[in-house]
Amino acid sequence: MPTASPPDLDLPAGVEVIPVLDFGGQYAQLIARRVREAGAFSVLLAPDTPIETLARLSPRGIILSGGPASVSGGDAPKCDERLFELNVPVLGICYGMQLGCQILGCRVAGAESREFGRARLTIAKGEGMLADVPRQTTVWMSHGDQVHDLDEDFELLASTDTCPSAAVRHKRVPFYGVQFHPEVTHTPHGIDMLRNFIYQICRCEGTWRMSDFLVAECDRIRERVGSERVICGLSGGVDSSVVAALLARAIGDQLTCIFVDNGLLRKNERELVEATFRDHFDIDLRVVDARVEFLTDLAGVTDPQEKRRLIGHRFIDVFQKSAAEVGTVRFLAQGTLYPDVIESGHGHAGVSANIKLHHNVGGLPEDLGFELIEPLRNLFKDEVRKLGEVLGLPDQIVWRHPFPGPGLAVRVLGSITEDGLALLRDCDEILLEEIIANNLYRSTDQVFAVLLPVQSVGVMGDGRTYESVVAVRAVETQDFMTADWARIPFDVLATVSNRMINEVKGVNRVVYDISSKPPATIEWE
């Protein structure tokens, strides 16, 4: 059975590490991303990680995340109280501030007035973490408890109308606490504050570089693989494409990629993958045409979960048979990312970890018989894109929007037919052509067409029509856990609608989805 080992930190020498102890805050991943964006490496760890484990990372600083608990609760997560013996700067955010202050002798209790949302911060001392931040600025609050009764060992840095101790520092211990969330975009100068902590307080130099990661990861893969063969399931998406290119760089012709054409792909997608990986990267690419098998399985099926189940089972069956034809293979490479590891409960994260079971982490059959290689498991999506650029992948793959594993099966609502798939492919191609032509592809995060299981009355020429309805979906998001509908200009939408109706036979109505996530999801099924 493939097993996902805990995330290792075999990083290039000299990389500066700032671990984040995750107390269950909804923004914990975002804190780690912000640190990496600033040029230091960050990893989420369990809240009770022992000081000995932290010391082995040689951290330049430590961040304590927010969390939903109250520090006075009996089951509240705690950190190792010897944390400050490391003598490295510690930043507590929200719950992390309350916990740090409690350990250092302060009282934490419920606030007279809870703060949720934007608050006006007044800075008393614009130095250190708050250097070069306007004296009056907006911050994002989300707390019911707060720190009371600061003693003489603490210095007050900032306050709000309802939170007198909104930012503090300890005079003897290198501890800084902020009751607000600097990691979210709702705190306009939050990134400046985090950079001040990283560079002015932790004295980092910004040594986290993707080119160095590439060299170190290639060396690690070569050492582990030796002379064995590796197979990679290539979908054409960003993650699997970057994995394939990385492995090709590391082990060359010891890699075989398997691309399964399930008949549910976008227009010309198979051709793009073949041209990129077989021609440009000279990879041993095996393309398996399984369109008949997949579409036969899906005939008459309308339930989306049943579609997913059938597609997943068929994919495993096709992949296993194709892998057997390669010969003796020891390793299977997957595009598992750091959020997948965290959310699947396999990572170092704490009480918020077990959010979902990702298809790449723990969801494979027990009898595949491969050892897993997951070279991206310490990276976030934006870092994977950077790695893809360093590897020389074309922009249309590196910056490609996410595409669901079941493909167009969950974008053709209702029964899957060849005619319905062809109609949707043509509409989707028109939509993406116009989005790209109007320079909107990079400013949106997912754009696609959906074929609805309804027909509507229309008029074309002098005749009545009764044809299909196509929905257009475009969203903007940072993490795909929440998303807002994209404000595509009306003239672009008008062109998309006109082209679909005029150029795609069988469409007489186009609608635009203006639902946010939540309460809607990004995909329709």
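How far apart are the mean positions of the positive and negative charges of the protein chain? The mean positions of the 52 positive and 74 negative charges are 1 Å apart. Lys and Arg count as positive and Asp and Glu as negative, while His and the chain ends are not counted; each charge is placed at NZ of Lys, CZ of Arg, CG of Asp or CD of Glu.

This is a predicted model, in which local features need pLDDT of at least 70, side-chain atom pairs count only at pLDDT 80 or more, and totals for chains, interfaces and linings use all residues. Residues are numbered from 1 along each chain as its sequence is written, and side-chain values use heavy atoms, with hydrogens and water left out.

**View 1. The buried side of helix H8.** Helix H8 spans residues 291-298 (helices are DSSP runs of H or I of at least four residues, strands runs of E of at least two, numbered from the N terminus). Its buried residues are Phe-294, Leu-295 and Leu-298 (buried means under 20% relative accessible area, exposed over 50%, with a 1.4 Å probe and protein chains only). Down the axis of H8 these residues fall within an arc of 90°, so they line one face of the helix (the arc is that of the directions from the helix axis to the C-beta atoms).

**View 2. The other face of H8 and its end.** Val-292 and Thr-296 are exposed on the face turned away from the buried side.

View 3. The buried residues of H8 are covered by elements including strand S11 (255-261), helix H9 (304-326) and helix H13 (418-437) (contact means heavy atoms within 4.5 Å).
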